Amino acid sequence: MHRQVTRTLHRPSKALASGPKSLPQKYFVSPEIFEQEQAQFFSKEWLLVGHQSQIAHAGDYLVQRVSGESLIVTRDKGGRIHGFFNVCRHRGSRLIEDDGGNRPAIQCPYHTWTYGLDGRLIGAPHMDEVPGFDKADYPLPPVNLELWEGFIFVNLEKNPEPLKKWFAPLSGKFSHWNMSILQPAKRIEYDVRANWKLMFENYSECYHCPGVHPQLQKVSPYDSAENDLREGPFLGGFMKITPGKSLTMTGNACAAFVGEIENLQRVFYYSIFPNMLLSLHPEYVMVHQLWPMSPERTLIVCDWFFHPDAFNRPDFKPDDAIEFWDMTNKQDWHVCELSQQGIASRAYTPGPYSSRESIPAAWDRYYLRAMR
């Protein structure tokens, strides 16, 4: 009687790809790493919170949560923009509960201490009866605030590197887009169930575009990318636009050009560490703010800006661009959520980047250096 023996043939193993690989699992799911990122980046780096056009008038303000802090950004009667911690100098009450609006002054809801839009204490009931009390000693606690190309940045550090020095590599690079004078047309917020780094990595490559973005692929070929910033906190470059087309639902230009753009067949994409994605089109600018809420959840705030002259023209159709990118954004956020779900699996191991993912690989390198 013969027994059948099954043998397993051992083939020589092939060498695995030796190039850069995606980040290990812990960087996307670990609460400890998330807290380290909040302390290392979101408490120490310059963070985008808005554009000066969004608080255009005296008394306008916005409120933004940054790394556990609530911040108030105001425009005073003289037109200056200020940033403060949302904390009363009396007994520490939260001053403003909403997200923005217009008010002539900032008044504490608890004991009605009142502050000017420049942060000065201008009213404190019955405090004149306290020996030695001087309103000048109790202004709102300021937060570092500076502008870049009209965008408002804050920094929680006590003595951060000046914003102008931080942005020195980009000096004059985007002057053709007139970003400081652009006006907002729409804001959409997305609550994405994925780690914030996945959005940066997704934004930084179009290797995924043929399968994920068929509409985008028709007007901007995925293999047309050329990068000019390849290392550091600022990364990106341009992709070509099919001649005569625009990145809109109809494929037609939706507004007057934002400036004297040298090449109307290019769209520029740049990631600015740690929370800004900047998209520069011939007739509009789209900007994403990324706010990590947990290791597996990110709030993304997307704004569309146009030249002020465009708003009064009969050919102004901003929804043509907004609907196109709202569709494209949702496609991106969906695959980012799928990535988060897969990375959380015990089966996940870092995979090799393709030749078309050099910018995500560069982003990972900068992130790891900054974390260390």
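These legends go with close-up views of a sheet, a cavity and a pocket.

The model is predicted: local features need pLDDT of at least 70, side-chain atom pairs count only at pLDDT 80 or more, and totals for chains, interfaces and linings use all residues. Residues are numbered from 1 along each chain as its sequence is written, and side-chain values use heavy atoms, with hydrogens and water left out.

**View 1. An open sheet of three strands runs in the order E1-E10-E9.**
Its pairing is antiparallel. Strands (E, at least two residues) and helices (H or I, at least four residues) are DSSP runs, numbered from the N terminus. Two strands pair if DSSP finds at least two bridges between them. Strand E1 (47-51) and strand E9 (144-148) are the edge strands, each pairing on one side only. From one strand to the next, the twist averages 30°. Such angles run from 0 to 180 degrees between N-to-C directions, with axes as lines fitted to C-alpha atoms.

**View 2. Strand E10 (residues 151-155) pairs with E1.**
The two strands are antiparallel and share four bridges. Histidine 51 faces phenylalanine 151 of E10.

**View 3. The whole structure holds one cavity of 30 Å³ or more.**
Rolling a probe the size of a water molecule over the atoms shows where empty space is left. On a 1 Å grid over the protein atoms alone, a cavity is a set of points where a 1.4 Å probe fits but cannot get out; lining residues have an atom within 4 Å of a point. Grid points are joined across faces, edges and corners, and a volume is the space filled by probe spheres set on the points. The largest cavity has about 30 Å³ of space. Its lining includes Tyr27, Phe34, Asn195 and Pro295. Helix H1 (26-29) and helix H2 (31-42) each supply at least two lining residues. H1 gives the most, with four. The lining has six nonpolar, two polar and three charged residues. Here Ala, Val, Leu, Ile, Met, Phe, Trp, Tyr, Cys and Pro count as nonpolar, Asp, Glu, Lys and Arg as charged, and the others, Gly among them, as polar.

**View 4. The largest pocket contains about 640 Å³ of space.**
A pocket is an open set of points with protein on both sides within 12 Å along at least five of seven lines. This pocket is lined by 29 residues; Val63, Gln64, Arg65, Asp99 and Leu299 lie nearest its centre. Among the elements giving two or more residues are H2, strand E2 (60-66) and strand E17 (297-306). E2 gives the most, with six. The lining divides into 13 nonpolar, nine polar and seven charged residues.
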